[in-house]
Amino acid sequence: VSTQSTGDGIALLPPLNKSILAMVMTFLKSVSEKSDINKMTSANLGIIFGPTLFRTTAPTTMEQIKQSNLLCGVIQKMIDNFGTVFPKERKITQGQAPVQVMFK
């Protein structure tokens, strides 16, 4: 999945869903930046949040596993390419709540 296609898919989301996703990804980006301390790299965060944020509709267990792996990669890509996928978002600085960043 390319960064461009990920961004194109996000652009199709309703505005509120897009804002919520951007807030979650802003948080996950800040978590991944401390991976030397917390061990939560973008890949690890993708494994945790891929199945949580996206549902698979695959009819068989094997297809669900394949789709789940793809979704984990999408989350990782959104974190690793945050500035490209969410160009209008700013990084949260210490002491700022995500809502303040999103709606200023």
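Modeller: An axis is a line fitted to C-alpha atoms, for helices over the stretch in contact, and angles between N-to-C directions run from 0 to 180 degrees. The model is predicted, so local features need pLDDT of at least 70 and side-chain atom pairs count only at pLDDT 80 or more, while totals for chains, interfaces and linings use all residues. Residues are numbered from 1 along each chain as its sequence is written, and side-chain values use heavy atoms, with hydrogens and water left out.

Biologist: What makes up the secondary structure of the protein?

Modeller: The protein has seven helices and zero strands, running α-α-α-α-α-α-α from the N terminus on. Helices (H or I, at least four residues) and strands (E, at least two) are DSSP runs, numbered from the N terminus.

Biologist: Why are α2 and α4 called roughly antiparallel?

Modeller: Helix α2 (residues 15-32) and helix α4 (residues 42-53) pack at about 155°, with their axes 10 Å apart. Angles under 35 degrees count as roughly parallel, over 145 as roughly antiparallel, 65 to 115 as roughly perpendicular, and the rest as oblique. The pair α2 and α4 is therefore roughly antiparallel.

Biologist: What is the handedness of the crossing of α2 with α4, and which residues meet there?

Modeller: The crossing of α2 with α4 is right-handed, a term used if the near helix is turned clockwise from the far one by less than a right angle, with anticlockwise giving left-handed. From α2, the residues V24, M25, L28, V31 and S32 meet S42, L45, F49 and L53 of α4, where contact means heavy atoms within 4.5 Å. The residues of this contact divide into seven nonpolar, two polar and no charged. In that count Ala, Val, Leu, Ile, Met, Phe, Trp, Tyr, Cys and Pro are nonpolar, Asp, Glu, Lys and Arg are charged, and the others, Gly among them, are polar.

Biologist: Why are α4 and α5 called oblique?

Modeller: The axes of α4 and α5 cross at roughly 125° and come within 7 Å, and an angle of that kind falls among the rest, so α4 and α5 are oblique to each other. Their crossing is right-handed. The residues in contact include L45, F49 and L53 of α4 together with L71, C72 and I75 of α5, and the whole contact divides into 10 nonpolar, five polar and one charged.

Biologist: What makes α2 and α5 roughly perpendicular?

Modeller: The angle between α2 and α5 is about 75°, and their axes are 9 Å apart, which puts the pair in the perpendicular class; α2 and α5 are therefore roughly perpendicular to each other. On the α2 side L21, M25, L28, K29 and S32 meet I75, M78, I79 and D80 of α5, and the contact divides into six nonpolar, one polar and two charged.

Biologist: How do you know that M78 is buried?

Modeller: Buried means under 20% relative accessible area, exposed over 50%, and partly exposed in between (1.4 Å probe, protein chains only). The relative accessible area of M78 is 1%, so M78 is buried. Helix α5 holds M78, and, leaving aside neighbours within four places in sequence, M78 is in contact with T6, I10, L21, M25, F54, V85 and F86. The C-alpha atoms of M78 and A22 are separated by 9.6 Å, although these residues are 56 residues apart along the chain.

Biologist: Which residues touch the most other members of the largest nonpolar core?

Modeller: Within that core of 14 residues, M25, M78 and F86 touch the most other members. The elements giving two or more residues to this core are α2, α5 (61-80) and α6 (82-85), and α2 provides the largest share, five residues. A nonpolar core is a set of buried Ala, Val, Leu, Ile, Met, Phe, Trp, Tyr and Cys residues joined through side-chain atoms within 4.5 Å. Beyond neighbours within four places in sequence, F86 is in contact with I10, L21, A22, M25 and M78.

Biologist: What share of the protein is buried?

Modeller: Buried residues make up 27% of the 104 residues.
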